Amino acid sequence: MLSVKNPIMTGFFPDPSICRVGNKFYTVHSTFAYFPGVPVFESEDLVHWNLISNVLDRDSQVPLSGCQHSQGIFAPTIRYHKGTWYMITTNVSDQGNFIVTAKDPRGPWSEPYYLGESTGGIDPSLFFDDDGTCYYIGQRPRSAGYRYNGDCEIWIQTLDLDTMQLKPDATIVLTGFQRKAIWPEGPHLYKKDGYYYILHAESGTSIHHSVMIARSKNVFGPYEYCPCNPILTHRHLGAQYPVTCVGHADLVDDGNGNWYMVVLACRPNQGYTLLGRETFLAKVTWEDGWPVVNAGVGHLEEVVTLPYDGQPSDDVPQCKTYTFDTPSLPLELLTLRNHRDHELELHAEEHIVRLFHRCDSLKDCGEPAYLALRQQHWNCEFETSFIPHFCKESDCAGIAMVQSNENHLRAECYPQDSGVKLVVSLCKDGEDSCLARMDLPAALPIKLKLRVEGLVASVLYQSNSEWKPVISDIDLRSLSTEHAGGFVGCTLGLYASGNGEDAGGYSDFERMTYRELPSN
């Protein structure tokens, strides 16, 4: 037997979709305004997951110009059929629902097949029936008239795989389980023992989030809801329960009769969430033709026991250093929106990544020079070493912790006559507050560290091989979902900007390190 701790993917990995091909499992997740989009993870045991590609790794696939942090790519679904991989999702900032395909989940993935404005809505999914027919299922505002906020419907439509266009047979199948249901969304379609099943989320992606299921003998319905709905939720456990906002699920079997569910949820700290929505795992059994999630438990478990052999998950605190000596950037590194080549250059022979001091800053909905990792632990450190090449007084470089363009923390170095000036600023609701200002020695490279301990942060710099504090006890609650809103978690990254001017400056970052710290 093998055990895995929940969440199986820590940090900002929301809206999980899963499928199995042979003895391997694959997941994808929403990325919103971050680029590249839609990471693909692979596992043989649901415990050890490897990031093997990003589906949307070209600007032509995922135009994100000008989109807000919580716009862009919503709720992807991954499926496989007869040698071809399919990923369907929505770019809410561009042309809506689209499909990309590949012969290998490692890519390359195709250019988008857009499904047209007629689909509308979000959260599309695909299902391949026994005869090879492909069905599209999605969510959209109620076509008979939008009576209240969140009044939506789920519908099914046949997809022509030769033309990648929908046939004119759209059929509304569900409008939600509860009376005056809000946001029935994230639908997935399955077939088991002669029944078609629709699994979907309901009640929004916050504290009242839940998972519902319905079934029918006919793919176009009528569907009956499970009498035990919701089949999974934590809303009845209260806002102080360690895991909240449980919903947006997908089902998978292992080929040996065992079923599982991946689902998003949050782990707030004192009522505030910095990590975003994470991916959790649950076991599923079937009773009287309906799925039962974690039978006898009724909620997500901290540890999931699986019927597989292998090594347990590693409890050693995570630590990873990037030295930029590889031909391409690691798959897990993110930028904001498009035009990555305009923001940075990788110089593997020199072991640096160069960030240019362009016009855009983190306060803009543009393409700032920001190279980031997801925050995956409540207690962590992020540090870097860099050499700035300033051209103007407006040039800056350093590190940042970002929830959105309106809510983030920056530790920036600016040029001055002798050495550099370090400024720590907290942007809250679009307004900057200067938290600390310090003259740093002229010695290069500059070494900065951001330490996060729960809901507070500290900024440190290194002098004579010793880390010294610049400021401590920075209140991070304004970077939480509860304050800033939206669907993303925080990222930690390298940052450079010309703050409205593009004068040719740049900074060479020699390394970046993310380190999990022991829990308090």
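Which residue in E39 does Ala-372 stand opposite? In this predicted model, Ala-372 stands opposite Gly-493 in E39. The two strands concerned, E30 and E39, pair in the antiparallel sense over 6 bridges. Strand E30 is largely enclosed by the rest of the structure, because 6 of its 6 residues are buried. Burial applies to both faces of E30: Ala-369, Leu-371 and Leu-373 are buried on one side, and Tyr-370, Ala-372 and Arg-374 are buried on the other.

Salt bridges were examined next. The structure holds 27 salt bridges. One of them joins Asp-508 to Arg-354, with the closest N and O atoms 2.7 Å apart. This pair links distant parts of the chain, since Asp-508 lies in strand E40 (residues 506–516) and Arg-354 in strand E29 (residues 352–356), 154 residues apart. Asp-508 has a relative accessibility of 8% and therefore counts as buried, the cut-off for burial being under 20%. Arg-354, at 15% relative accessibility, also counts as buried.

A salt bridge is also formed by the side chains of Arg-358 and Asp-502, with an N to O distance of 3.5 Å. Here, too, distant parts of the chain are linked: Arg-358 is in the loop between E29 and strand E30 (369–374), and Asp-502 is in the loop between strand E39 (491–497) and E40, 144 residues apart. Arg-358 counts as partly exposed because its relative accessibility is 30%, a value that lies between the limits of 20% for buried and 50% for exposed. Asp-502 is likewise partly exposed, with a relative accessible area of 44%.

In a further salt bridge, the side chains of Glu-412 and Arg-410 meet at 2.9 Å, N to O. Glu-412 and Arg-410 are both buried.

Strand E22 (residues 259–266) pairs with strand E23 (residues 278–287) in the antiparallel sense over 7 bridges. Within this pairing, Trp-259 has Val-284 of E23 as its bridge partner. E23 also pairs with strand E24 (residues 290–293), again in the antiparallel sense, over 4 bridges. Val-284 has a bridge partner in E24 as well, namely Val-293.

An open sheet is formed by 4 strands in the order E7-E8-E9-E10, with antiparallel pairing. Its edge strands are strand E7 (73–81) and strand E10 (113–114), each of which pairs on one side only. The pairing of E7 with strand E8 (residues 84–91) is antiparallel and extends over 7 bridges. In this pairing, Arg-79 stands opposite Tyr-86 in E8.

Notes:
Residues numbered from 1 in each chain as written. Predicted model: local features only at pLDDT ≥ 70, side-chain atom pairs only at ≥ 80, totals over all residues. Heavy atoms only, no water. Salt bridge = Lys/Arg side-chain N within 4 Å of Asp/Glu carboxyl O. Buried < 20%, exposed > 50% of the residue type's maximum accessible area, 1.4 Å probe, protein only. Pairing = 2+ DSSP bridges.
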